[in-house]
Amino acid sequence: MSKPQKEQLGSWPIGDTKDYTFIETGCNKGHTVSKASMVFPVCHSIELNDKFFKFCRDRFREHPRITVHHGRSEKILPELVDQVTGPICFWLDAHGAPGAPCGGHVPLISELETAIGHGHDRDVIAIDDTRCFGRDARDQMGDNWLEITMDKVEGLLSDGGFGNIQHWPAKVGSCWHRSGVMVAKR
Ligand SMILES: C[S@@+](CC[C@H](N)C(=O)[O-])C[C@H]1O[C@@H](n2cnc3c(N)ncnc32)[C@H](O)[C@@H]1O
C-alpha cells in the first residue's frame, strides 16, 4: 500500500468493497456507518449507550444495509466476526463521547485482538482517534488511554500479520478526521 495521496482519500482504503462487511464499534449518532453504507453492502455498528443506540436503531430502522447492535463491543464484536466468512473492514471507534461517558475503559485492545483473529487475508483494520493514544483523558470524556500506546497497537498489528500500516491525518470516507486515523492491512 503506497502512501495515500490527498486526492485519493475521498474513498475508503479498499479497492473493491462489494464482498466486504463493514463493522464499526461505537455508533454514536451513526455518521460513519451511514457513509460506509454507500460503499459497503453489509454494515454493522455496535453502541453501548442506551440513548445513542435507540437513536441509531430508529435512524436506520428501514435501512437495507445497516444493523445496529446494543451492548459492549468486547462481547458483540466476537459474535459478529464469527458469522462473517468474507473480508471485514473494521472501524474501531468505541470510547467516551459527549453524552456517552464510558467509565474510563477503552475497549480497543480487546477489539484489536478480535479483529486480528478473524484471519481473512483482505481484512482491513481502521482505528479512529489515534491522537488519544497514551493519554489520560479522564478529565475530558471519561477515557483512560494510558495503556493504549502507539507502540503497543503497532506491535499487536504487526505480530498479527498486519504489517502494512498507514497513518492518515486526513480525509477517510467522506468525514474529515483531524483526530488521527490508522489503517492496517496484511
Ligand atoms: C466517538 S463516538 C463514535 C463516533 C462514530 N463512530 C462516528 O464516527 O460517528 C464513541 C461511541 O462509542 C460508544 N462506546 C463506548 N464504549 C463502548 C463499548 N465498550 N462498546 C460499544 N460502544 C461503546 C460510546 O457510547 C460512543 O457513542
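This is a predicted model: local features need pLDDT of at least 70, side-chain atom pairs count only at pLDDT 80 or more; totals for chains, interfaces and linings use all residues.
Residues are numbered from 1 along each chain as its sequence is written.

**View 1. The shell around the ligand.** There are 20 residues around the ligand, and Gly26, Asn28, Thr32, Asn49 and Ala100 come nearest; a residue belongs here if its C-beta atom, placed from the backbone, lies within 6 Å of the molecule. At least two residues of this shell come from each of β1 (21-25), α1 (31-36) and β2 (42-47), where helices (H or I, at least four residues) and strands (E, at least two) are DSSP runs numbered from the N terminus. By type, the shell holds eight nonpolar, eight polar and four charged residues, with Ala, Val, Leu, Ile, Met, Phe, Trp, Tyr, Cys and Pro counted as nonpolar, Asp, Glu, Lys and Arg as charged, and the others, Gly among them, as polar.

**View 2. The open sheet.** Seven strands, in the order β3-β2-β1-β4-β5-β11-β8, form an open sheet with mixed pairing; two strands pair if DSSP finds at least two bridges between them. At the edges lie β3 (66-70) and β8 (164-168), each of which pairs on one side only. From one strand to the next, the twist averages 15°. The strands β2 and β3 run parallel and are joined by five bridges, and Ser45 has Val68 in β3 as its bridge partner.

**View 3. Two sides of helix α3.** In α3 (residues 73-83), Ser73, Leu77 and Val81 are buried, meaning that 20 or more other C-beta atoms lie within 10 Å of the residue's own, whereas 12 or fewer make a residue exposed, with C-beta atoms placed from the backbone. Seen down the axis of α3, these buried residues fall within an arc of 50° and so line one face of the helix. An α-helix has 3.6 residues a turn, so residues three or four places apart point the same way. Glu79, Asp82 and Gln83, on the other side of α3, are exposed. The buried residues of α3 pack against β1, β2, β4 (88-92) and α4 (108-118).

**View 4. The buried face of helix α4.** Leu108, Glu111, Leu112, Thr114, Ala115 and His118 are the buried residues of α4. Seen down the axis of α4, they fall within an arc of 165°, so they line one face of the helix. Their cover includes β1, α3, β4, β5 (124-128) and α5 (150-159).

How values were computed. Axes are lines fitted to C-alpha atoms, for helices over the stretch in contact, and angles run from 0 to 180 degrees between N-to-C directions. The arc is that of the directions from the helix axis to the C-beta atoms. Two residues are in contact if their C-beta atoms, placed from the backbone, lie within 7 Å.
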